[in-house]
Amino acid sequence: EKGGFEHYMLKEINEQPEVVRACLRAYSDPPRFRNQLIFDSTTDSLTLTACGTSYHAAEVGKFIIEELTGIPVRLEIASEIRHRPTIIKTAKAIGLSQSGETADVLTSLKRMKEAGIETIALTNVFQSSISRIADDTIYIPAGPEVAVAATKTFVAQIIALIKLALAHQSVDRTMRDQINLELERIPHKIQQILDNRHLIKQATSLVAAADQVFFIAKGVNVPIALEGALKAKEIAYINAEGFCAGELKHGPFALLSPSSTVIAIIAGDENQASITASVREIQARKSKVVCITRENDSTFNDSTDNILRIPSTHRLLSPILNAVVVQLLAYYTAEARGCPIDFPRNLAKSVTVE
Ligand code: M6R
């Protein structure tokens, strides 16, 4: 049932190349996808609402939709909306929920609908509660996800949001072609990461032994820093936090010590110089740093820095590859610490109460 893997989580992480292919097939008909959905000329604003890992997918989506289409995207943590007196109106709202049953997301989407916003569900479960509430539904073809930690559905949600953004008429044609071409290569690149997972496993000794772990990133990868920290907390019971790299010196720096480990996600984009400077400052404070960077990045030195090299891709797609790395980091850390990986304490797969 676990396909020869020790845990559902590892099985589901390993299914990601196939899940990306399934998404690309499902969303390969842009006119139909566009009509069924979202972005027509009347869509001048959008809200994304979700919880937990789905919220991190929404954060990646916001960055990409805003960059590609210029449409402003509001992000709402679903559990916060419930008690807010005012709903800010946007043309459309998407509720992201793997299970389609998360109570806070259902309530959030209901409130948006009552406020006159056209609502869309993005879910992995056919005919789940969220699809009965929303005006329209987009399914992600990820297949059943058993482990409490969401992995393959996170990547599928990101692909769906990228494809939505690309379907908008305002996207620059060359940019669209480049991203579409690079999307086709993503399954193979994920497979390369999976094939080298023993290297990620080796790096986890620095994470498993640390008193505290920080994930830092910039730009479109900031949500992956948050997601890496969520996964480390959720399945490895590690005291982990994610930050925008530039925010470290506005407070969290005070926590750094020789017993902390920082995971730096370096995407080779416009932020390269800035995040490299952050890494050097952290090293100067004697904390350990693990850099997740691209195979051809010459900024870091393989003999003096701890480096995990992964394939290069389009900078807007880099969160997908980095997500797989932080999932594996959390998985092997949890394994090293003897945690019950698939069913962590105090957590349920879907949170159907508020
Ligand atoms: O089913 P949903 O996507 O609505 O679930 C939302 C969160 O409860 C979920 O993503 C949670 O954060 C995961 N267990 C994280 O791995």
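Which residue's side chain meets that of Lys 231 in a salt bridge? Select Glu 227: its side chain and that of Lys 231 come to 2.7 Å, N to O. A salt bridge here is a side-chain nitrogen of Lys or Arg within 4 Å of a carboxyl oxygen of Asp or Glu. Both residues sit in helix α11 (residues 222-236), four residues apart, about one turn of the helix. Helices (H or I, at least four residues) and strands (E, at least two) are DSSP runs, numbered from the N terminus. Lys 231 is buried, and so is Glu 227; buried means under 20% relative accessible area, exposed over 50%, and partly exposed in between (1.4 Å probe, protein chains only).

A word on ground rules before the next selection. This is a predicted model, with local features needing pLDDT of at least 70 and side-chain atom pairs counting only at pLDDT 80 or more, while totals for chains, interfaces and linings use all residues. Residues are numbered from 1 along each chain as its sequence is written, and side-chain values use heavy atoms, with hydrogens and water left out.

Next, pick Lys 11, Glu 15 and Lys 152, which salt bridges with shared partners join into one network. Centre on Lys 152, in helix α8 (residues 152-166). Lys 152 counts as buried, at 2% relative accessibility. Its side chain makes a polar contact with the side chain of Glu 15 at 2.7 Å, and also reaches the backbone oxygen of Ala 142 at 2.9 Å. (A polar contact is a pair of N or O atoms within 3.5 Å; within protein, one must be able to donate a hydrogen and the other to accept it, and residues adjacent in sequence count only if both atoms are side-chain atoms.)

Now jump to helix α9 (residues 173-195) and pick Arg 185 and Glu 182, three residues apart, or about one helical turn. Their salt bridge has its closest N and O atoms 2.9 Å apart. Arg 185 is partly exposed at 41% relative accessibility, whereas Glu 182 is buried at 8%.

Glu 118 lies in β4 (residues 118-123) and Lys 92 in β3 (residues 92-97), so the pair ties together parts that are 26 residues apart in sequence. Glu 118 is partly exposed at 36%; Lys 92 is buried at 4%. The structure holds 18 salt bridges.

How many cavities of 30 Å³ or more does the structure hold? There are four. On a 1 Å grid over the protein atoms alone, a cavity is a set of points where a 1.4 Å probe fits but cannot get out, and lining residues have an atom within 4 Å of a point. Points are joined across faces, edges and corners, and a volume is the space filled by probe spheres set on them.

The largest cavity has a volume of about 70 Å³. Select its lining, including Ile 266, Arg 294, Pro 311 and Leu 321. β9 (288-294) and α13 (318-336) are the elements giving two or more residues to this lining.

Last stop: the second largest cavity, about 40 Å³. Among its lining residues are Val 207, Phe 215, Ile 238 and Leu 329. Here α13 gives the most, with three residues.

How values were computed: 1 Å grid on protein atoms, 1.4 Å probe; cavity = no way out; pocket = protein on both sides within 12 Å on 5 of 7 lines; lining within 4 Å.
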